[in-house]
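Please work through the following exercises on backbone geometry and surface charge, with the model at hand.

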Amino acid sequence: MGRKVVVAVCCLNQWALDFDGNLSRIIASIQEAKVQGASYRTGPELEVTGYSCEDHFYEADTLLHSWEVLAELLASPVCKNILVDVGMPVMHKSVTYNCRVSFFNGKLLLIRPKLRLCDDGNYRESRWFTAWTKIYQTEDYILPEFIRELTGQKSVVFGDAVLETLDTTIGFEICEELWNPYSTHISLGLDGIEFIVNGSGSYFELRKANVAVDLVLNATKKSGGCYLYSNLRGCDGQRIMFNGGSCIALNGEAIARTRQFSLEEVEVAVATVDLDDIKTYRNLVRSRNTAAAQNPSYRRIPVDFSLSESSCYAMRASTTPFKWQYHSPEEEIAYGPAGWLWDYLRRSGQGGFFLPLSGGVDSSSSAVLVYSMCRMVVTSVQNGDSHVIDDVRRIVGDPSYIPDDPRELCNRIFITCYMGSANSSAETRQRAKDLSDQIGSYHLTLAIDAVVSAALNIFTVVTGLVPKFRVDGGSLRENLALQNVQARMRMVLSYLLAQLMLWARGRSGGLLVLGSANVDESLRGYLTKYDCSSADVNPIGGISKADLKRFLAYARLEYGFTSLDGILAAPPTAELEPLQEGRLVQTDEEDMGLTYNELGDLGRLRKQAACGPYTTFCRLIHSWRGAHTPAEIAHKVKHFYRCYAINRHKMTVITPSVHAETYSPDDNRFDHRPFLYNAKWGWQFRAIDAHLEHVNKMVDTDDRKLDNAHMQSGNSIAF
């Protein structure tokens, strides 16, 4: 009979600098791991502080409080008789490292610093941390005085080492080390380390969930072993939402996991592993053993404890593998941003959300996401989640409230408002009303014409001029100004209503204003600065128009919202120009000069493929062939980059949104670019013109060759 070990990973919804809450959740995860029989518990990256402390990592307070939290863990009876490691920042020789700290029964065992830092996407780790580059090397770390008094230890090993219990070995790679070409698990596996532990802070991105899972499975596929991957979950104070999905893999197969999306603050997954399964698997891979025989050895830190010492675990069946099932992109949108909204709402101290609901795809998507959030809340309440119950009672101001219907909860915490004008159609007004009825929001309808007229009257008094729409003979500048003043008045009214509507309904507190500008419009700059795109948070700001339409089609089937049929069928429009005979004449794609699908292509080339205007044109000549001529493609590329350059300044004040799309133009962290461009793009556009001329010559030459071939073919037939 093999030696059985029960190990635990966890998924924690931590909050940056919330040391009380973070400690409580860590202790709860250790307690749950022990209840499920685990002798070893590991957790996510920087779980003590929360991942998104950012420049607070420079502060001595952050480092001090991390050690204070660790002291609480060392002294806690919950942490007795279980091997534990936690993630926290540690300063060694005046250099701050991102570390895993291992301890057992009140004694520190090892501080293992991160070897590879992540600086792509939304990550900026080398701004605050330094990578430990002394591979296979260790040093002594002199402990703070209050830790010395608590543990009776003067120092602890700091560096690239592993733990060796009486029956197995445990090594570490932290987050980015798994993604790196020289992944640490390779050398760990070759050195015979049986458990490889990864505390991670991997964030949500559409269609990304399989990436981490594939890396985890492959980490032990070639060389065997058990991989323990713990990830954070939810919004810890930034635009990113951590992706959840902690898991355990054995010899290349998944054997345990937590959910990717959930409102549960602490979720633990355990697995029973037979140590002989690891040894047998490795011994059968002969080429691996040849490499292992010449691999350098890590320093092993002895731990006087056997993970498999309890005889009752020997009778437990080993955990069996399963096939990982992924959410569709539409489900990811339904659960991911909705979970982020819940975290933001409950941690902001506000009483709900306010949304200007226009009856279009974008604002309707924001509305449906709030409904999806309410569904998740009700499900968690029905599952007995006391933290969710406490949060929802505090939000609605009712200490006895138990939500059992998403629509009823929506009505308490979500106010929607159709802000119509003389340029609005009856169809969009009705669509907004129908959707609000189906999701259950408290809905208002108002006209903004009087407010807009008052603003324009001030301009007329000051200048003596009366601006006109283009259809009435006005200039383009007048036409744009008349559209923008409507949009900006909606923003002003939104904040007025958000501050006072709970008061009007007899409740205390205020509402968070939701925005609804999608990623494509932000990229193109097709939004008014300080209009309804300006809000407190924007749940769809990182999502493309195409994905939003697919999400609403999913919601139509999943939630039965028939009102979405008309919303999906209608052409996207801002409704800021006058109607003609009561009918719509303005559409978004016509205004932008580009379709939403074309914007998606351009966005991915600009960001993901790192293409400038010239290379973008060269790529699109092939991918858009058949849909557009080379001259049309050149025009569209120039038009896009000109509009992008002119409007890039809007990204400096864009409403925070949950990151979801790989070509997001978010200026805060993900997409660092100038906001003042030379919009003429002289050199770049001349390169496009030169290449276009070359392409046209090639086309003309090919056409002449084809004509000659036809003539010769015709002559041969005639003879």
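The exercises below concern a predicted model, and each is followed by its solution.

**Exercise 1.** Determine in which sense strands β14 and β15 pair, and over how many bridges.

*Solution.* Begin with the extents: β14 covers residues 247-250 and β15 covers residues 253-257. The two strands pair in the antiparallel sense, over four bridges. Next, locate a facing pair: Ala-249 stands opposite Ala-254 in β15. Finally, inspect the turn: the hairpin has two residues between the strands, and Asn-251 takes a positive phi near 50° there.

**Exercise 2.** Find where Lys-93 lies, and classify Lys-93 as buried or exposed.

*Solution.* Most residues other than glycine have a negative phi. Lys-93, although not a glycine, has a positive phi of about 55°. Its place is the loop between β3 (83-92) and β4 (95-104). The relative accessible area of Lys-93 is 59%; the class exposed requires over 50%, so Lys-93 is exposed.

**Exercise 3.** Carry out the corresponding analysis for Tyr-136.

*Solution.* Tyr-136 is not a glycine, yet has a positive phi of about 70°. The residue lies in the loop between β5 (107-113) and β6 (138-142). With a relative accessible area of 26%, Tyr-136 is partly exposed.

**Exercise 4.** Which residues gather in a patch of negative charge on the surface?

*Solution.* The patch consists of Glu-59, Asp-61, Glu-68 and Glu-72.

Technical notes:
Residues numbered from 1 in each chain as written. Predicted model: local features only at pLDDT ≥ 70, side-chain atom pairs only at ≥ 80, totals over all residues. Heavy atoms only, no water. Pairing = 2+ DSSP bridges. Buried < 20%, exposed > 50% of the residue type's maximum accessible area, 1.4 Å probe, protein only. Patch = residues over 30% accessible without salt bridge, like charges linked within 9 Å, V, L, I, M, F, W, Y side chains within 5 Å. Areas by Shrake-Rupley, 256 points an atom, 1.4 Å probe, with all protein chains shown as cover. Salt bridge = Lys/Arg side-chain N within 4 Å of Asp/Glu carboxyl O. Lys, Arg positive; Asp, Glu negative; His and termini not counted. Charge placed at Lys NZ, Arg CZ, Asp CG, Glu CD.
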